[in-house]
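Hello,

Here is the structure I promised to pass on. My notes follow below it.

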Amino acid sequence: MNGVFPMELSSLPIIAGCLLIPPLVGSLVDGLSLRYDAKKQGGKIPPLSQPFQEVFMLLRQNNGAVSCEPFICILLALSFELVALGMLGLQKNLTPILFLQSAGILAMGMARMHHSVPGGGRSANCELKAFLTRTPLLILVAAGIFFATGSFSLAGLHEYPRLLVIDLPFLWVSLLFIEQASRRDVNEPSTGPAPAFVKLANSYRSGIILLLAGFFFAGNLVGAVAAAVFLHMALVWVGHIQHRFSWRQKSKWGWGYLYFAVLLNLSWIYIKYWL
């Protein structure tokens, strides 16, 4: 990581920051969002710490409502997302990161097919469609980074002559689509600690997507984290005015156009640097 981060900063603080920032920032932004909604509707304004309080309250509740198998799948998904985010923060190779990310999505999908977990009861067909729609896009993003930089590693981004988003704009947009689609999948939680772990896993999954999108605007971790936080706040703001954006209601055909744009972007970057 020479030239990317100060040598005196070890890997441990970087990993700790990656593990703490997503739930903290996510909860703070959610708290601001709840206060905005309450003020707009003329209701009682909740405390900024309400999302934290909800998670801690769920952790203290009994887990009797959730059977053992889906709970194990939730813990596996959380573990995969944690490791993937830590590796991304260290700017490691994207191949194992995306493998762990995909494994986490699959494990959470298996858990959500049970009625006893948040958003549960979805059919295997729905989960398989969601997995097969979004995971290939992540693979195409990694391929685009390889075509542009010549490596699957993010450690050399500081040497890239321009911002990645300039060469790979549609791949960056695809990450935002994946993040927004994942948000729409999350339903209101039930009771018990399982929903708290689902919230944490979702926050780390969002952190992976947003941090990867942040690297499109910065060649170092600090800049990427700042960009990821800004993107998170912007996406929450878009969620408040989603009724004005018809593309959210037409996402079924929107994915087809997105895949076409991504493949067009990949073809252009391949021709530009490899032919």
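First, a term for the helix packing: axes are lines fitted to C-alpha atoms, for helices over the stretch in contact, and angles run from 0 to 180 degrees between N-to-C directions. Helices (H or I, at least four residues) and strands (E, at least two) are DSSP runs, numbered from the N terminus.

Please note that this is a predicted model, where local features need pLDDT of at least 70, side-chain atom pairs count only at pLDDT 80 or more, and totals for chains, interfaces and linings use all residues. Residues are numbered from 1 along each chain as its sequence is written, and side-chain values use heavy atoms, with hydrogens and water left out.

**Overall**

The protein has ten helices and zero strands. Of its 275 residues, 45% count as buried. Buried means under 20% relative accessible area, exposed over 50%, and partly exposed in between (1.4 Å probe, protein chains only). Contact means heavy atoms within 4.5 Å. Among contacts between residues at least 6 apart in sequence, 75% join residues at least 24 apart.

**Helices α4 and α8**

Helix α4 covers residues 94-112 and helix α8 covers residues 193-214. They pack at an angle of about 145°, and their axes are 12 Å apart. From α4, the residues Leu94, Gln101, Ile105 and Met108 take part. They meet Val198, Ala201, Arg205, Ile208, Ile209 and Leu212 in α8. By class, this contact has eight nonpolar, one polar and one charged residues. Here Ala, Val, Leu, Ile, Met, Phe, Trp, Tyr, Cys and Pro count as nonpolar, Asp, Glu, Lys and Arg as charged, and the others, Gly among them, as polar.

**Tryptophan 172**

Tryptophan 172 sits in helix α7 (residues 169-185). It counts as buried because its relative accessibility is 15%. Leaving aside neighbours within four places in sequence, tryptophan 172 is in contact with Val165, Ala213, Phe216, Phe217 and Leu231. Phenylalanine 217 is 45 residues from tryptophan 172 in sequence, and 9.7 Å away in space, C-alpha to C-alpha.

**Asparagine 265**

Asparagine 265 belongs to helix α10 (residues 251-274). Its relative accessible area is 5%, so it is buried. Residues up to four places away in sequence aside, asparagine 265 touches Asp167, Leu168, Pro169, Phe170 and Leu171.

**Cysteines**

The structure holds zero disulfides, a disulfide being a pair of cysteine sulfur atoms within 2.5 Å. Cysteine 18 is buried at 8% relative accessible area. Cysteine 73 also counts as buried, at 14%.

Best wishes
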